[in-house]
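Subject: Structure handover

Hello,

I am passing on the structure below, followed by notes on what was found in it. Please read the notes with the structure open.

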Amino acid sequence: MEILQNVISDRGSRYAVSGAPCGSEEEAKALVKSLQRRKKFAKATHHSWALITDGTPVKADDGEAGAGMVILRMLEREELHDHLVVVTRWFGGKHLGGDRFRHVQEAVRIYLDRTAPRG
């Protein structure tokens, strides 16, 4: 799994973005669980993720309502299939309102620009 840590910081909240080739929802859940077992990531507040496999979209917000859909729409736009993208957030104590969606989107953009294969 490719992990980009501390990609965004805002009002105490910190974001990381991770991803890996992935062929099923079950595999995605296993990859997210393995990420959560890492000491630093175990303390995170949210692990939102999305995946398109066999033409089927799968997403999870993990308490960050709407974040999975933001990730999924970006994967659809890029036509990136069979690749899991996870945005992790450590809550910093201040609510970010709509900025949290902008941060999720920016984290995915950073990941796609740096690591993900196209097509």
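Strand β3 pairs with strand β4 (residues 56–60) in the antiparallel sense, over 5 bridges. Strands here are DSSP runs of E of at least two residues, helices are runs of H or I of at least four residues, and both are numbered from the N terminus. Two strands count as paired if DSSP finds at least two bridges between them.

Before going further, some notes on the source. This is a predicted model, in which local features need pLDDT of at least 70 and side-chain atom pairs count only at pLDDT 80 or more, while totals for chains, interfaces and linings use all residues. Residues are numbered from 1 along each chain as its sequence is written, and side-chain values use heavy atoms, with hydrogens and water left out.

Strand β3

β3 also runs antiparallel to strand β5 (residues 83–90), joined to it by 5 bridges. His47 has Thr88 as its bridge partner in β5, and Trp49 has Ala60 as its bridge partner in β4. β3 and β4 form a hairpin with 2 residues between them, and Asp54 in the turn has a positive phi of about 50°.

Positive phi in loops

Most residues other than glycine have a negative phi. Arg11, in the loop between β1 (2–10) and β2 (13–21), has a positive phi near 50°. Arg11 is partly exposed, at 38% relative accessibility. Glu79, in the loop between α3 (67–78) and β5, has a positive phi near 55°. Glu79 is exposed, with a relative accessible area of 55%.

Nonpolar cores

A nonpolar core is a set of buried Ala, Val, Leu, Ile, Met, Phe, Trp, Tyr and Cys residues joined through side-chain atoms within 4.5 Å. The largest has 22 residues, and Val17, Ile71, Leu75, Val85, Val87, Val104 and Val108 have the most contacts inside it. At least two residues of this core come from each of β1, β2, β3, α3, β5 and α4 (99–114). Apart from this core lies another, of 16 residues, including Ile3, Leu31, Val58 and Leu84.

Regards

Notes: Buried < 20%, exposed > 50% of the residue type's maximum accessible area, 1.4 Å probe, protein only.
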